[in-house]
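Dear colleague,

Please find below the sequence and the structure that I am handing over to you. My notes on what was found follow directly after them.

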Protein chains: 4
Amino acid sequence: MQDMTDFGKSILATQPFSQFIGAELHQLSPGSAELHLPITDTLKQQHGFAHGGVVSYLADNALTFAGGAGMGVPVVTSEMKINYIRPVIGERLIARAKVLSLGKTQAVVRCDVFVKDGEKEKLCAAAQGTITALPDKKPDI
Amino acid sequence: MQDMTDFGKSILATQPFSQFIGAELHQLSPGSAELHLPITDTLKQQHGFAHGGVVSYLADNALTFAGGAGMGVPVVTSEMKINYIRPVIGERLIARAKVLSLGKTQAVVRCDVFVKDGEKEKLCAAAQGTITALPDKKPDI
Amino acid sequence: MQDMTDFGKSILATQPFSQFIGAELHQLSPGSAELHLPITDTLKQQHGFAHGGVVSYLADNALTFAGGAGMGVPVVTSEMKINYIRPVIGERLIARAKVLSLGKTQAVVRCDVFVKDGEKEKLCAAAQGTITALPDKKPDI
Amino acid sequence: MQDMTDFGKSILATQPFSQFIGAELHQLSPGSAELHLPITDTLKQQHGFAHGGVVSYLADNALTFAGGAGMGVPVVTSEMKINYIRPVIGERLIARAKVLSLGKTQAVVRCDVFVKDGEKEKLCAAAQGTITALPDKKPDI
């Protein structure tokens, strides 16, 4: 799956926001994606933890990559749900997404987000969402 | 509610990530919050729209501000769900959050996110989540 | 909108489960739906409240009716999220759903569920979900 | 874990709604629960599939049993999200819930719902939610 991971990296490189905050794609296959994000001080909130919005960005993007790789077409995240499980204290966020079901126009995907603190990984958020092929995202009203 | 809005601005100023991406608090009361985010090129994804993770950051933060102002204690977002309704094309994101219910340890809050393009505002995302007083967020396992 | 409400009642009458638990459609328009459910002892859980699954059934169905009436085609609920706000004690559940956005293949809809206890209505749950035209619901795997 | 499963069955027997629709607890441990529901005609909607509200009831209840068994106290489901993945055609619904994180006052739990059609099991829904110890569920407003 190195070819697909390389292709995914080239897509990530075209996302200004992902570059801006420093996301790294470590693995991509038709059924899964792994995104990393080194935690810098600029990504934190007032209590010194990584901001929840940073965690949800990473989960959202991992869901989209996994679903898009599964469907093989340009996609967007239609919707997602995230439970924040523990304060994010550590050096690196790791989001692992896995496709649950795959159709022609949408995929249902789950994502676990871990924080790596030294050698330990701890689950810090769990997400689930729907990835949709691009033309489905233009509402009439 | 100017005092509460000013207090909220002082909190937002202590969130490095919110400063980093440029969020602005425009209104805060015990039952509501309004956060803005000017859309710059760095906040976009590969199709030229604001990245979904940016939209979810703003919704998440607006939910937290509204719930925290309602509960009057330090809080975190426990969980949230967001539906992305249309591609975000415009100059400014505006997230308006409103508390639906308020308890001693948690609040349920909704948030509508609009994109302002010229004079028009269009709904681009809808979120709903749970805000919890801080001590509830430390799981044993 | 009496014609549409009557049409909706005829659809509800063809749902065995809705008949089984006693749901009543009180209003249907292209942008909204109101479903009622008299609370009987059989709909309760062990603490004497209406079961959460009953509340989620009603929210789900109200979302589907509102979205389907808006789209004008046979639909299913693709996904939904529900926050349970207070224990359901009273005589009647009332679910009011409202379409937030409407496209050719999907709608985003919100629903508030109230419990009526004597003359008072109290918000007991808040839901949000995606309604999709039927052919989109057949995944390949 | 036979003792805990037996204890769970005794709880399920005190839920009138669960008895009404015919749910069966097949397994319960501090980290997991498995609930079954034989699909009868009364549980269907107008297209002949099991009603989405039936699926969400089963997911909700499985989440609550798994979370409650994990926390060891009376609990309620605070919130949940469900993605419906395919039309439910078959003889039996099987909901398997698994605790992701466990705290003093809340647990985050996932649930997969399968439909058994002959010898095959197919994933038909995926849910995720928060289970909360009972006293947390009384909002002030």
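The axes of helix H3 (residues 52–71) of chain C and helix H3 (residues 52–71) of chain D come within 8 Å and cross at roughly 145°. The crossing of H3(C) and H3(D) is right-handed. On the chain C side, the contact is made by Gly52(C), Gly53(C), Ser56(C), Tyr57(C), Asp60(C) and Asn61(C). H3(D) contributes Gly52(D), Gly53(D), Ser56(D), Tyr57(D), Asp60(D) and Asn61(D). Sorted by class, the residues in this contact of H3(C) with H3(D) are two nonpolar, eight polar and two charged. Please bear in mind throughout that the model is a predicted one.

**The contact between chains A and B**

Chain B and chain A each bring 35 residues to their contact. On the side of chain B that touches chain A, helix H2 (16–21), helix H3 (52–71) and strand S3 (75–84) of chain B each supply at least two residues. S3(B) gives the most to that side, with nine residues. By class, the residues of the side of chain B that touches chain A comprise 14 nonpolar, 13 polar and eight charged.

How are the two copies related? A rotation of 180°, with 0.0 Å of shift along its axis, superposes chain B on chain A with an RMSD of 0.0 Å. The two copies are therefore related as by a two-fold rotation axis. Within chain B, the C-alpha nearest the axis belongs to Lys81(B), 2.0 Å from it. Because 100% of the interface residues of chain B are also interface residues in chain A, the copies meet through the same surface.

An open sheet is formed by 12 strands in the order S1(A)-S2(A)-S4(A)-S5(A)-S6(A)-S3(A)-S3(B)-S6(B)-S5(B)-S4(B)-S2(B)-S1(B), with antiparallel pairing. Strand S1 (24–29) of chain A and strand S1 (24–29) of chain B stand at the edges with a single partner strand each, so one side of each is left without a neighbour in the sheet. From one strand to the next, the twist averages 20°.

Where the two chains join, strand S3 (residues 75–84) of chain A and S3(B) run antiparallel and are linked by five bridges. Met80(B) in S3(B) is the bridge partner of Ile82(A), and Glu79(A) stands opposite Asn83(B) in S3(B).

Helix H3 (residues 52–71) of chain A lies across S1, strand S2 (32–38), S3, strand S4 (92–102), strand S5 (106–117) and strand S6 (120–133) of chain A together with S3 of chain B. This helix, H3(A), runs at about 40° to S4(A).

**Strand S6 of chain C and its partners**

Is strand S6 (residues 120–133) of chain C mostly covered or mostly open? S6(C) is mostly covered, as 10 of its 14 residues are buried. Nine bridges join S6(C) to strand S3 (residues 75–84) of chain C, and these two strands run antiparallel. Within this pair, Val76(C) has Thr132(C) of S6(C) as its bridge partner.

Strand S5 (residues 106–117) of chain C is also joined to S6(C), by 12 bridges in an antiparallel arrangement. Asp112(C) stands opposite Ala126(C) in S6(C). The hairpin of S5(C) and S6(C) has two residues between the strands, and Gly118(C) there takes a positive phi near 65°.

With kind regards

Key
Residues are numbered from 1 along each chain as its sequence is written. Chains are lettered from A and ligands numbered from 1 in the order in which they are written. This is a predicted model: local features need pLDDT of at least 70, side-chain atom pairs count only at pLDDT 80 or more; totals for chains, interfaces and linings use all residues. Two residues are in contact if their C-beta atoms, placed from the backbone, lie within 7 Å. Helices (H or I, at least four residues) and strands (E, at least two) are DSSP runs, numbered from the N terminus. Ala, Val, Leu, Ile, Met, Phe, Trp, Tyr, Cys and Pro count as nonpolar, Asp, Glu, Lys and Arg as charged, and the others, Gly among them, as polar. Two strands pair if DSSP finds at least two bridges between them. Axes are lines fitted to C-alpha atoms, for helices over the stretch in contact, and angles run from 0 to 180 degrees between N-to-C directions. A crossing is left-handed if the near helix is turned anticlockwise from the far one by less than a right angle, and right-handed if clockwise. A residue is buried if 20 or more other C-beta atoms lie within 10 Å of its own, exposed if 12 or fewer, and partly exposed in between; C-beta atoms are placed from the backbone. Copies are superposed by least squares on the C-alpha atoms of residues with pLDDT of at least 70 in both.
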